[in-house]
Amino acid sequence: MKNKNTIVFLTLVITVLCLYYLSITFFSRGIQQDALDFATDDAGIVDQPKKQAYLDSIWKEPVLEILGASFTYEEIKKTELNLGLDLQGGMHVTLEVSPVEIIKGLSSQSQDPDFLAALDRADELQKDSQESFARLFESAYNEISPTGKLSRIFANAANKGRISFESSNSDVMDIIETEVDNAIDRAFQILRTRVDRFGTSQPNIQRLGSSGRIQIELPGVDNPQRVRKLLQGVAKLEFWEVWNINEIQPTLIAMNSKLLAIEKAAAEKSTTSLSTELNASTNEANDLANQIAAGDTTSTADSLDVTANTSTFFSLMKQDAYGNMLFALRDTGKINRVLKSTEIQQVIPRDTRFLWDVKSVAETEDLALYAVKIPRSGESSLTGEVITDARLSIDERGKPAVSMQMSAIGAKQWKKMTGDNVGRRLAATLDNYVYTAPTVQVEIANGNTQISGNFTNEEAIDLSNILKAGSLPAPTRIVEEAVVGPTLGTEAQAQGIKSILIGLAIVVIFMVFYYSKGGLVANVALLFNVFFILGILANLGAALTLPGIAGIVLTIGMSIDANVLIFERIREELRNDVPLLQAISSGYKKAYSSIIDANVTTFLTGVILYLLGQGPVKGFAVTLMIGIICSFFSAVFITRVIVTWMSKKGNDSKISFETPFTKGWLTNLNIDFLGKRRMAYLTSGIIIAVGIAVMATNGLKLGVDFKGGRSYIVQFDETMVASDIKTSLSNGVFSEAGVEVKTYNSNNVLKITTSYMVEDESQEADEVVKKALTDGLATATGKDFIDGTTDLQAGQFTINGSAKVGATIADDIKNSSLKSFGLSIVAIFFYILIRFRRWQFSLGAIVALVHDALIVLSAFAIAGLLGISFEIDQVFIGALLTIMGYSINDTVVVFDRIRENLQLKGSRDLVGTFNTSINSTISRTLITSMTTLIVVVILFLFGGEVLRGFSFAFLIGILIGTYSSVFVATPIVVDLTKKTLGAAADKERDAARAKASAKAAASANQ
């Protein structure tokens, strides 16, 4: 064997590297277990902050020494094999930076009606387009205002020197597009800084192409609300002067008079108005006597002397000892509607703006409303851009606070601002919420200041990190979110490991049973393959996900294929009385082209999945591609080295490729497969027609990925009937929206999906939907909702995980999936065309692939009709494309033998040649299908609910892929054109014979 030493050397190098990275992974797992033991009390309850504190304490400390080199825990975490969120719990978020706000900012908040209409139109168009928002805005503006000049909107002080009134629309758009891209880049960097300082290990953040979206993964996160707040806050820090209550009194009196007039007019007309919208409180609860009796509050009328007649707005208002206007937290929505109404906006001076406190008073749940003074420019004279440092500190009350240091310019501005306002209040606001509004005692000259409030330690740390990272250039919104609880992650790990071990064990036993010592060789290669996959994943810093484990399980089955091809070729040679060494050499040589073609076609689908897929599909694609490369190396080269060593005694070596039980199996077959092709066409046509009819009438069950919505994994203390819960929710809280309920992994866990408020992607909507769900479940079951627990008591339920996909991103996922399918078809068509040089082969292969896809979809539709429902989601698309790769793998092996036989026999009996080729490869086809089928059945049974749809699709796909390579792809090649193909085959045969003769003559002359 040539290059044997090179292969041995490469194998040793790769083995050592994999051992290094995996040993670090095992050591890191040990440290994490130590932290878990440290934070677990006697009752078995884990204190997560205590666990994190333990890991933080050793983050920069040396914890491992290898060959004299010390490694800190931080360095170890960077080189270990990462686990995906589905295997350890955590949070996955896709954020969208608002290009609308960026463009509005560039226009200095222009109110031009054509401009605003174009923004709305572009926002609508983006739901069904992959084009950049800036270009969609340009198209919309040109459509709405064909002769409009963008320069008159964007020629302002902020754009001086870049945009003038003479600038063309094209020039303006180039600047807008550049600014939008730069703003998204800044947002990405700022979010990266925030995420890095969040405190979670191995966070992952990446931009998703040119969509303006940013994907973030935070493993181990147990406080999703904190993450949402951290990621979505713009962090625009501003300092404002605060009007005292006497200065604002004329405005309040004018507001009161206006509201009284509105209420009086509404009463006379008996129509709905702003007043009735407020749902005025009863006099009993809000009269002046009750206000005076409420502790340290004073009545509005007494302190402000507005009027004896008090409007609804002021009947809801109280004051504290500091003169702050207070409103009950439950009334803030009503107050906001009043303040935003056109009538009230007309009486509020331009130099006044009302802002809420960020937190309510704990004892009374009242929220302070501040009136801040707005400069003539409309902008704060001091912003967070001057902050150079921010850190956790303790205020004079012993409470957590944030201390800040300003730049030289900021310190000068702060000195003037505090000097001008001694004895008055200054408000520090973040994203238009007041965090603190202290009275200035003295001028502050050194640029130091402190934000204090009713902070927890965590909140103060987050605020200091946000201020250090800087403010986002535009608001962000969460368009996709998934929260995986630690319980689900632990279950997924156990299911994944069980699937791998059982699948591996069965395949190992089968290979030894069928191929004797050859099976042992294949098993050694298989173990090397799995070992290499895990080591390379660790080396690349990639994450092992549950779909990735599915990829490994499939690789276990599919990697056997190369050895089956080789061993079947060797057995074929031995049956023809070829000596052992020559049979081995010929077997490897003849199988090589089939192995190459089969692996390349599957690898192509992996590449497409990686490029166009998202989230779990990407993890599956990475593992699949690594698995294909590793299986090729181990099955072709490592086995060749081992077989060469085992046959070192020459033709008398005791290596065998069959057992007494399997000797002669599937040999000398002479089945007329092509004679049954019309029956096969009819059978496939009937199944596809039934499937399409069912899909047309009942549809397919689309997952949240494709239709948008929110899903929740809900665990109860006892068994629940999914249909009963669905009926209760459908007739109750979700009566106006779709809801689906199904059992998930065990009888006491349900997956509930709803399209309620699917168009609203705000955090507030998330809370509303979650509250509606928990209230509905509490009503339906009579149980209490307990948030964030892993230890349920009798009469309780909790949410272990959740996912949200906005309508826009759902459309993108659907488009990406269709593009993946189409691109795979095209890539495979051209590869087959290049390799076999016959369009009939390409078309036959593609028809078979489309046939397989339709059969799988039909199976899903028919299963749903029978009450067995599987979701069509991203993971299903991954399965469908992998089925295509697997099916084309089968087809290519048959085609390769057909090509070989055509070159040898010509086209005198074309159908006979094709039948002979199928019969000679049927053993390989059935054995590969059976080994892969075994591991997929194991995956279906033990892989858990997440992969149930995936494994069902692949189960059907293996059976249909094997069937289509024999009864669809090959017969179509025959039926497309017998004469053309036959004539071409004769030419190839004659050319091959001439080449062989020339080679023989040259050898004879030598």
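**Close-up 1. Asp-577 in the loop between α23 and α24.** In this predicted model, Asp-577 is found in the loop that runs between helix α23 and helix α24, the latter spanning residues 580–612. Although Asp-577 is not a glycine, its phi is positive, at about 65°. Most residues other than glycine have a negative phi. The relative accessible area of Asp-577 is 70%, so the residue counts as exposed, since the cut-off for that class is over 50%.

**Close-up 2. Ser-516 in the loop between α21 and α22.** Ser-516 is placed in the loop between α21, which covers residues 486–515, and α22. Here too the residue is not a glycine, and its phi is positive, with a value of about 55°. Is Ser-516 buried or exposed? With a relative accessibility of 18%, Ser-516 counts as buried, because that class takes in values under 20%.

**Close-up 3. Leu-527 in helix α22.** Helix α22 is formed by residues 517–540, and Leu-527 lies in this helix. Leu-527 has a relative accessibility of 47% and therefore counts as partly exposed. Leu-504 stands 23 residues away from Leu-527 along the chain, and the C-alpha atoms of these two leucines are separated by 8.7 Å.

**Close-up 4. A salt bridge between Glu-658 and Arg-571.** The side chains of Glu-658 and Arg-571 form a salt bridge in which the closest N and O atoms are 3.7 Å apart. Glu-658 has a relative accessible area of 28% and is partly exposed, while Arg-571 has a relative accessible area of 2% and is buried.

**Close-up 5. A salt bridge between Asp-717 and Lys-783.** Which residue forms a salt bridge with Asp-717? The partner is Lys-783, and the closest N and O atoms of the pair are 2.9 Å apart. This pair also links distant parts of the chain, with Asp-717 in the loop between β20 (709–716) and α28, and Lys-783 in the loop between α29 and β23 (784–785), the two being 66 residues apart. Asp-717, at 28% relative accessibility, counts as partly exposed, whereas Lys-783 is buried, its relative accessible area being 7%.

Close-up 6. In another pair, the side chains of Asp-331 and Lys-334 meet in a salt bridge, with 3.6 Å from N to O, and both Asp-331 and Lys-334 are buried. Side chains of opposite charge can pair when their charged atoms come close. A search of the whole structure finds 24 salt bridges.

**Close-up 7. The packing of helices α28 and α29.** Two packed helices are described by the angle between their axes and the distance between the axes. Helix α28 is made of residues 722–731 and helix α29 of residues 763–781, and the two pack at an angle of about 120°, with their axes 10 Å apart. This angle makes α28 oblique to α29, and the crossing of the two helices is right-handed.

**Close-up 8. The crossing of helices α6 and α7.** Helix α6, residues 113–125, and helix α7, residues 133–144, have axes that come within 8 Å and cross at roughly 130°. At that angle α6 is oblique to α7, and the handedness of the α6 and α7 crossing is right-handed.

**Close-up 9. The covered helix α10.** How many of the nine residues of helix α10 are buried? The helix, which spans residues 224–232, is mostly covered, with seven of its nine residues buried. Those buried residues are Pro-224, Arg-226, Val-227, Arg-228, Leu-230, Leu-231 and Gln-232.

Close-up 10. Phe-9, Leu-10, Val-13 and Leu-17 make a nonpolar surface patch of about 350 Å². Val-13 has its place in helix α1, which covers residues 4–39. An α-helix has 3.6 residues a turn, so residues three or four places apart point the same way. The relative accessible area of Val-13 is 34%, and Val-13 is therefore partly exposed.

Definitions and conventions:
Residues numbered from 1 in each chain as written. Predicted model: local features only at pLDDT ≥ 70, side-chain atom pairs only at ≥ 80, totals over all residues. Heavy atoms only, no water. Patch = residues over 30% accessible without salt bridge, like charges linked within 9 Å, V, L, I, M, F, W, Y side chains within 5 Å. Areas by Shrake-Rupley, 256 points an atom, 1.4 Å probe, with all protein chains shown as cover. Salt bridge = Lys/Arg side-chain N within 4 Å of Asp/Glu carboxyl O. Helix = DSSP H or I, 4+ residues; strand = E, 2+ residues; numbered from the N terminus. Buried < 20%, exposed > 50% of the residue type's maximum accessible area, 1.4 Å probe, protein only. Axes fitted to C-alpha atoms, helices over the stretch in contact; angles between N-to-C directions. Parallel < 35°, antiparallel > 145°, perpendicular 65-115°, else oblique. Left-handed = near helix turned anticlockwise from the far one by under 90°.
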